[in-house]
Amino acid sequence: MRGNLAKREPEVLAYWDEIDIYRKLREQGAGREKFVLHDGPPYANGVIHIGHAVNKVLKDIIVKSRTLSGYDAPYVPGWDCHGLPIEHEIEKIHGRQESRRDPKAFRRLCRDYAAAQIDSQRDDFIRLGVVGDWENPYLTMAPETEANIVRALGRILDKGHLYYGLMPVYWCSDCGSALAEAEVEYQDKTSPAVDVRFEAVDGGELARRMGSADGDGPVYAVIWTTTPWTLPASQAVALHPDLEYVLVKRDTGEGSERLVLVADLLETAMARYGGGDYEVVGRSRGDALEGLALRHPFYDRVVPCILGEHVTIEAGTGLVHTAPGHGQEDFAVGRQYDLEVDNPVGPDGCFVAGTEFFAGEYVFKANDHVADVLRERGALVHLEKYDHSYPHCWRHKTPIIFRATAQWFISMDDHGLRDAVLKQIDDVAFHPDWGRERIRGMVANRPDWCISRQRYWGSPIAFYIHKDTGELHPDMPALLERIAQKMETGGGIDAWFDLDDATLLGEDADQYRKVTDTLDVWFDSGVTHDSVLRTRDELQRPADLYLEGSDQHRGWFQSSIMTGVAITGRAPYKGVLTHGFTVDAQGRKMSKSRGNVVAPQKVINTLGADILRLWVSATDYRAEMSISDEILKRVADSYRRMRNTARYLLGNLADFDPARDAVPVDDMLALDRWALAEGQALQHEILDSYERYGFHVMYQRLHHFCIVEMGGFYLDVLKDRLYTTPKDGIARRSAQTAMYHILEALVRWLAPVLTFTAEEIWRNMPGERNESVLLNTWYTDWPGARLDETDRDGAYWDRIIEVRQVVMRTLEAVRNAGDIGAGLDAEVIVYCDDPWLSDLRGLGEELRFLFITSGARAHPMSERPEGLEPSGLEGVYVAVTRSDNEKCVRCWHRRPDVGLNADHPEICGRCVENVDGSGEVRRFA
């Protein structure tokens with residue numbers, strides 16, 4: 001029953017390898033309708049974790065179930081190979097400066113490292129039982145894929161969605177590069193929060209606009225920020241046009257001053273400033289202050305009051321200093337007001353030379369210096385520590401900055417890409433369906449996509465730009481194809497970086513410069529619909545399904561649909577399925593420090609991959625997926641029960657040849673026809689669950705079938721018939737026929753999930769069969785099972801099972817009291833009225849076989865003796881007595897005719913018939 005999976009599973013893998021299972025699947029699927037699940041590429045770095053296992057097993061379940069449904073369902077695994085994490089690993093191994101000395105050698109080290117990581121991860125994925133084209137995966141670092149990535153870039157350029165411009169981007173000073181939104185994670189950070197005075201150039205005009213005639217004291221607009229280091233780049237102060245602002249007069253101890261604050265935050269702001277007496281001397285909406293001039297707090301610069309919908313009253317003062325070089329919202333509102341985009345911060349995160357007061361200082365360390373300068377100039381109203389969520393580099397775990405740099409962008413709006421993507425999202429099937437609104441919200445609010453990176457290890461932005469005008473070479477589309485061809489045949493990305501510009505540009509070469517930026521890795525993986533699906537004959541675009549974790553709404557799902565719509569006008573996928581993250585039994589994120597990490601390799605080597613696969617199927621992937629050693633032990637128990645069902649069926653089919661021994665359905669016993677009908681009904685449910693990706697529903701129903709309908713009822717009842725009736729008699733062969741058909745279906749139901757176990761079952765089943773369970777479709781050779789007037793109907797058997805359950809509970813109670821040893825020591829009388837009475841009496845002598853007792857009768861309720869306890873089933877009472885008859889040594893029933901036959905003094909009459917006669921006749925059970 002334990003299966004010894006850790007040892008047996010590798011034997012199955014060796015067998016699949018021997019018969020070349022993937023090739024056979026493709027040969028068999030030729031000409032069928034395709035179902036393409038496109039593999040979202042895992043990153044080629046590090047050993048696989050439990051999240052990888054969940055992802056790959058879910059994909060494998062879907063591909064195998066679709067194959068069983070009659071589709072040609074290829075699975076081409078892939079890997080994402082470029083980008084910072086691999087660069088980071090090489091720098092750790094060889095040193096940052098040494099690694100950068102020779103870019104070509106550095107790229108070679110990155111390529112070799114990624115290849116080794118792929119080999120390691122591939123072995124683990126194969127060990128999980130995932131069947132795919134492991135010999136020919138797609139790699140974003142393969143020369144042909146790198147060339148196709150450049151071609152995809154050219155198609156997006158040709159559609160007009162690409163531009164080069166200055167815009168604030170996420171910037172990691174440790175990486176020395178721009179970051180994609182998906183490369184940013186939010187962590188808690190403590191920052192200095194400052195309230196800063198911006199003095200009105202004309203205080204009287206500001207006061208008049210706010211309806212104040214009181215001219216006592218200077219007038220200041222007070223901003224609040226948690227990034228003081230951005231104040232050197234400040235170009236304006238933004239207010240919300242519809243909010244109410246107040247002019248507050250207060251005494252500073254050195255005279256009066258008037259402060260502009262949003263009305264909703266007045267009390268909290270004044271409490272922050274130390275309380276004291278203050279008076280509201282003016283009020284106005286924000287739009288009344290537009291255009292007023294303010295003095296920068298420490299530079300000789302006049303900045304305007306502007307209006308912006310991004311201003312909120314969640315915290316601060318309701319006035320926001322605006323630095324278009326350091327924020328997306330600031331940049332957007334700055335464009336409306338034609339503000340200067342000033343970025344005094346270099347790629348190392350330090351203020352550039354010439355920055356007054358702060359040149360050479362690292363921005364976060366400069367915060368204290370900024371506060372000192374504000375204090376010296378009387379511009380600092382208040383300073384305190386502020387805890388908040390702040391964007392960090394996901395690789396370095398360090399705070400990032402917003403920094404305006406010249407980068408390559410995909411425009412979301414200039415050619416209607418955003419609206420087109422949103423329209424396509426409506427046509428995609430999302431599982432679960434909340435995924436649609438999640439990605440819609442992200443696309444609707446996202447900025448233009450910065451696709452350029454300042455790195456060595458990545459697909460190139462293979463453009464030539466005029467040195468004076470900054471314009472792309474006019475023949476760029478044709479040049480891109482020539483570049484792609486050289487990459488395809490001449491070493492991939494190195495072909496671009498090594499390319500002699502004169503080879504392509506001729507005498508124009510000295511007028512143009514080569515772009516050395518690389519593409520965001522999300523672009524690499526995002527265009528695999530074009531670089532992989534479009535180019536491989538066994539695949540197709542759009543794919544039927546993309547499947548990844550729920551974080552990929554902001555990652556791969558989004559980069560794929562944006563590039564897909566940009567290139568082809570439609571989404572690259574028909575459906576999207578997302579799964580949750582893995583957590584421990586208490587719902588906590590897994591971490592080595594907590595000691596709650598569950599390594600898939602350990603599970604495989606101890607319990608077996610099928611246990612891990614069963615856990616994946618049994619868990620509702622739509623939410624967080626809890627896993628622990630205790631949870632896996634419970635899954636292993638469930639596995640053993642399901643395995644034991646198959647083992648029982650196999651054990652009792654050892655002498656069964658379906659071609660010779662199968663019983664026609666009309667000659668089968670009623671209970672066997674019921675079992676076949678149950679099996680067929682269950683198959684409809686299971687196939688529907690697979691179709692709808694409801695694997696946990698499929699698991700629950702299949703587990704229930706094995707444990708309750710089969711193990712708890714049908715197979716339990718069959719034991720007597722299988723072991724006591726003549727070997728070739730109708731009673732036994734009827735049971736074997738039903739079991740054979742059920743097993744033929746069961747092994748296929750199990751195959752997508754318990755893939756190793758199903759293969760083991762398949763190789764031990766009777767009858768002619770092909771090389772692997774995976775080379776089949778769902779079972780269709782059911783022998784026309786039906787429930788007719790002889791069998792009654794399904795509701796009849798449901799009632800029989802209900803009565804049987806209360807009988808079994810009563811027997812258990814009597815057994816626990818010590819009155820009997822086993823059910824066959826007992827005789828049972830069931831007191832009830834119709835429909836129970838006629839149901840039970842209709843079974844005649846065979847009722848005892850259903851109850852597994854030595855005697856069983858049904859009497860009307862009117863004969864029920866006084867004092868008989870209720871059974872728990874309304875209208876049914878059960879009386880149990882110990883049988884006084886002798887025990888038959890062959891069937892263990894206690895019967896009055898034991899010993900009546902002189903030739904067989906120790907067995908009962910029916911056993912005599914089964915041994916020396918033509919065999920007993922069974923009609924029902």
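**Contacts of one residue**

I looked up E89 and found that E89 touches N45 and Y113, leaving aside residues up to four places away in sequence. Contact here means heavy atoms within 4.5 Å. The model is predicted, so local features need pLDDT of at least 70, side-chain atom pairs count only at pLDDT 80 or more, and totals for chains, interfaces and linings use all residues. Residues are numbered from 1 along each chain as its sequence is written, and side-chain values use heavy atoms, without hydrogens and water.

I placed E89 in helix α4, residues 84-94. Helices (H or I, at least four residues) and strands (E, at least two) are DSSP runs, numbered from the N terminus. Is E89 buried or exposed? E89 is buried, because its relative accessible area is 17%. Buried means under 20%, exposed over 50%, and partly exposed lies in between (1.4 Å probe, protein chains only).

**A four-strand sheet**

I then traced an open sheet with the order β5-β4-β16-β18 and antiparallel pairing. Why do β5 (177-179) and β18 (449-450) stand at the edges? Each has a single partner strand, so one side of each lacks a neighbour in the sheet. Two strands pair if DSSP finds at least two bridges between them. Strand β4 (residues 162-172) pairs with β5 over three bridges, in the antiparallel sense. I noted W171 opposite A178 in β5.

**Strands β27 and β29**

My last entry covers β29 (residues 876-882), where five of seven residues are buried. Strand β27 (residues 826-832) runs antiparallel to β29, and seven bridges join them. E827 has T881 in β29 as its bridge partner.
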